Amino acid sequence: MIEDLLTASVIASGIRLAMPYLYAAIGETFGQRSGVLNLGVEGVMLLGAYSSFWGVYQLTPDKATSFDPMALAAGVLVAVLVGLLMGLATAFINVTLQAEQGISGIGIYLFGLGMSTLLFQKNFSQVVTVKGFPKIHFPVLSDIPLIGEIFFRQNLLVYGAFALIPLAWFVLHKTTFGLRLRAVGQNPEAADSMGISVTRVRYMAVIIGGVLASVAGASMSIGHLNVFQQNLTDGRGFIAVALVYFGSWRPYGVMYGALLFSLVTALQIKAVTIGIGIPSELLSMTPYLLTIIALIFASRRIDQPAALTRPFERGE
Amino acid sequence: MKKVYLVVALLLVAAISLPVLSGSPAQAQDDVFRVAVVTPSTGTDLAFSQSMYDALAAIQEERGEDAFEFAISENLFVVDDAAAALRDYADQGYDLVIAHGSQYGSSLVEIAPDYPETAFAWGTTVDTFVDQDITNVYAYEARSEQGGFVLGVMSAMLTESGVIGVVGPIETGDAKLYVDGFKAGVAYEDEEIEVLVNYIQSFSDLAKAAEAAQAMIDEDADVLTGTAQMVPGAIQKAQEAEALWFGTQADQASLAPDIVVACQVYDWTVALNPIIDQVMEGTLGGEAFALTLENEGLVIQFNEEFELDEEVMAAGEEVAQAIVDGDISFEIAEDGTLTVVEAE
C-alpha cells in the first residue's frame with residue numbers, strides 16, 4: 001500500500017505545499033531570534049498574496065496566452081514592498097510602542113484579512129486568474145524518472161524557498177548581523193552594553209520577517225494557484241509560527257518541519273483520492289495530529305531565545 | 001496604560017475592517033421591500049454566495065430600486081457573527097432576512113421566534129421549523145443532484161482514460177447532493193468508469209483543492225468537477241493538465257474558457273420571487289422551495305467557447321429533459337443515500 005501512496009507526484013506535491021511555510025517560517029525565525037514574536041504572519045501573507053496578484057493582473061497584457069516575466073517580477077516586488085511596510089508597522093508596534101506581542105499580532109492578522117478582502121472586492125468584481133510562475137523545464141534533468149518529477153519540474157519560487165534555508169543559516173550563524181541578532185534575542189541588556197542598538201536590530205529582523213511573510217503569500221497567489229480569493233492562505237501563517245517552535249528556531253529544523261507537515265498533507269490527499277477505506281474526516285486530521293505529537297517530543301524549549309516576547313527598555 | 005489603548009485601538013480597526021457591510025440601512029418607508037442576506041463567503045466567489053448575490057441583483061433590476069432594496073453581510077463563516085448580523089437586520093426592520101448557509105440553522109431557530117413580525121428564509125435546507133411551532137421561516141434548497149447527474153453523463157462520454165475526479169468540500173448539503181448525483185450520472189452512462197472523490201474537509205483551502213485535483217490527474221483523471229468556493233484552485237490544475245472541467249453553483253467558464261465544458265448554474269430568483277410575493281401578502285414563512293431543472297432554478301449552461309461534441313451535448317440535453325419530464329428522478333434516503341428512479 002505504501003508504494004501506491006508514496007509516489008514521485010506525492011513528494012512533488014508535498015514540496016509545492018511546503019513553499020509558503022518555508023518563506024513565512026524563515027521570516028518568523030529572524031523575528032523570534034531577535035526576541036519579537038509576530039503572530040500577524042497570516043495577515044501579512046494575505047496582503048502579500050493580494051498585492052502581488054494585483055500587480056501581475058495589472059501588468060499582464062490582455063488575453064496573454066503565456067506568462068509575462070516582467071509582470072511576475074513586478075508582482076514579487078510589490079509583495080516585497082508591502083511586506084516591508086507591514087514589517088515596519090509591526091516593528092513600530094512591538095519594538096517602539098512595546099505592545100503585548102501575542103495580542104498585537106492578532107490585530108495585524110485581522111487587519112491583513114480585512115484589508116486584503118476589502119481591496120479584492122473593490123478592485124475585482126469576481127474571481128479571476130493570472131498567468132503565474134510556470135514550472136521550469138530543465139533539459140535532461142527534468143526527464144529523469146522520479147527525481148526529475150520531484151526536483152526539476154517546480155517553479156522559481158519553490159527553488160527560492162529552498163535556497164533561503166542555507167542563506168538564512170549563513171546570515172544567522174556566520175555574519176556579524178546574525179551574531180548581533182541572536183545576542184539581542186538572548187540578552188538584550190548585555191547586547192546593549194556592548195554598544196549594539198537593540199531597537200535597530202529588532203527592526204531589521206521584524207522587517208525581514210514581514211518581507212518574507214508577504215512573499216510567502218505571493219508564492220501562493222502567483223506561484224501555485226494563480227488566483228486570489230478572500231482568506232487565500234487559510235491559516236498557513238499560524239502553522240508557520242508553530243513550525244518555528246517545531247524547528248527549534250533553526251532554519252534547517254524549520255525546513256524539516258515544513259517538509260514533514262506538507263508531505264503528510266500530500267499523502268493524506270492521495271490516500272483520500274485513491275480511497276484506502278479510512279474516512280477523509282479522520283485522514284484530514286493527520287498532519288495536525290502528527291505536528292502536535294512531534295511538537296511534544298521534538299521541541300527543545302531550551303533553545304528558545306531567552307528574551308522572546310520581552311520588550312527591551314534601556315535602563316538609564 | 002498607553003499600550004492597552006493601542007491594543008484596543010488596533011483591535012477596533014481590525015474589527016471594523018473585517019466583515020464588509022454594504023447596502024444602505026433600512027429606513028421606515030413602507031413602499032420599499034427590504035431584504036438582508038448573510039453569507040459565509042464573498043458575493044464574488046463564483047460559487048455559493050455569488051449565486052445569491054446575483055439573484056438579489058436580478059430581482060432589484062426587475063422590480064426597480066424604488067421598490068426593492070437589499071443589504072448583504074459577507075464573509076460570516078463564523079456562525080456567532082452571522083447570528084449577530086441576523087438579529088441586527090431583524091432589529092432594523094427588514095422585511096425579509098435571509099440566512100444563506102446551512103450552518104446558520106441552529107441560530108435561526110433561536111432568533112426567529114424573537115421577531116414574529118419579520119420573515120426569515122434559510123438555505124440550503126427543507127426545514128422551515130414548523131414542527132417547532134415557528135411560522136416565520138421559509139426554507140430553500142437546490143436539488144443539485146439533478147444537474148450533477150446531467151454533467152456526470154456528459155463526463156462519462158468525454159473521458160478517454162476512464163477516470164474522473166471530483167473535489168468536494170465537506171460531505172453535506174448541496175455539495176453532497178451534487179457529488180452523489182454526478183457519480184450516479186457517470187454510472188448511468190458507463191459503470192466501468194472510475195470516479196475518484198476527495199472531500200478535502202474545507203470550504204476555503206484552495207491549495208488543498210489544487211493538490212487534490214493534481215492527485216486525481218496523476219491517477220489519470222482527464223475530466224474533473226468540484227463544488228464550493230475553493231474550486232478555483234482545482235480548476236487551475238485541471239487547466240495546466242488540459243483536463244476538462246464541469247462546474248456547479250455559478251458559471252465558471254471565465255476562469256478557464258479552454259477546459260470548462262458546462263456548469264450547473266443556480267438561479268435563486270426562482271425561490272426568492274415567490275417568497276417575496278408571499279411576504280408582501282402577509283405570509284411570513286412555513287413553506288420550502290427547491291430549485292430544479294423543471295422550474296429553471298437550475299440551468300445547464302454550456303461554455304460557448306468550448307467546442308463540445310454535438311452528440312455529447314444532445315445526450316446531456318436529453319437526460320436533462322428526462323429529469324424535467326419525471327422519467328428520471330432521485331430519492332434521497334434518510335441516511336443521505338441517493339437512488340436513481342427510472343419511470344417504466
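Analyst: On a 1 Å grid over the protein atoms alone, a cavity is a set of points where a 1.4 Å probe fits but cannot get out, a pocket is an open set with protein on both sides within 12 Å along at least five of seven lines, and lining residues have an atom within 4 Å of a point. This is a predicted model, in which local features need pLDDT of at least 70 and side-chain atom pairs count only at pLDDT 80 or more, while totals for chains, interfaces and linings use all residues. Residues are numbered from 1 along each chain as its sequence is written, chains are lettered from A and ligands numbered from 1 in the order written, and side-chain values use heavy atoms, leaving out hydrogens and water.

User: Which helix gives the most to the lining of the second largest cavity?

Analyst: The lining takes A:Ser9, A:Val10, A:Ser13, A:Ala266 and A:Ile269 from chain A, and B:Glu211, B:Gln214, B:Ala215 and B:Asp218 from chain B. Two or more residues come from each of H2 and helix H12 (251–274) of chain A and helix H7 (206–218) of chain B, where a helix is a DSSP run (H or I) of at least four residues, numbered from the N terminus. With four residues, the top contributor is H7(B).

User: How much space lies in the largest cavity?

Analyst: Among its lining residues are A:Ala24, A:Glu28, A:Val36 and A:Ala213. Helix H10 (198–221) and helix H2 (8–33) of chain A each supply at least two residues, and H10(A) has the largest share, five. The space in the largest cavity is about 70 Å³.

User: What is the volume of the second largest pocket?

Analyst: Its lining draws at least three residues from each of domain 1 (18–143 + 268–291) and domain 2 (144–265 + 296–342) of chain B, while the largest share, four residues, comes from H5(A). Volume here means the space filled by probe spheres set on grid points joined across faces, edges and corners. For the second largest pocket, that is about 480 Å³.

User: Is A:Gln101 buried or exposed?

Analyst: A:Gln101 sits in helix H5 (residues 101–123) of chain A. Its contacts (heavy atoms within 4.5 Å), leaving aside neighbours within four places in sequence, are A:Gly35, A:Val36, A:Leu37, A:Asn94 and A:Thr309. Buried means under 20% relative accessible area, exposed over 50% and partly exposed in between (1.4 Å probe, protein chains only). Because its relative accessibility is 2%, A:Gln101 counts as buried.

Conventions: Domains from an automatic or database assignment.
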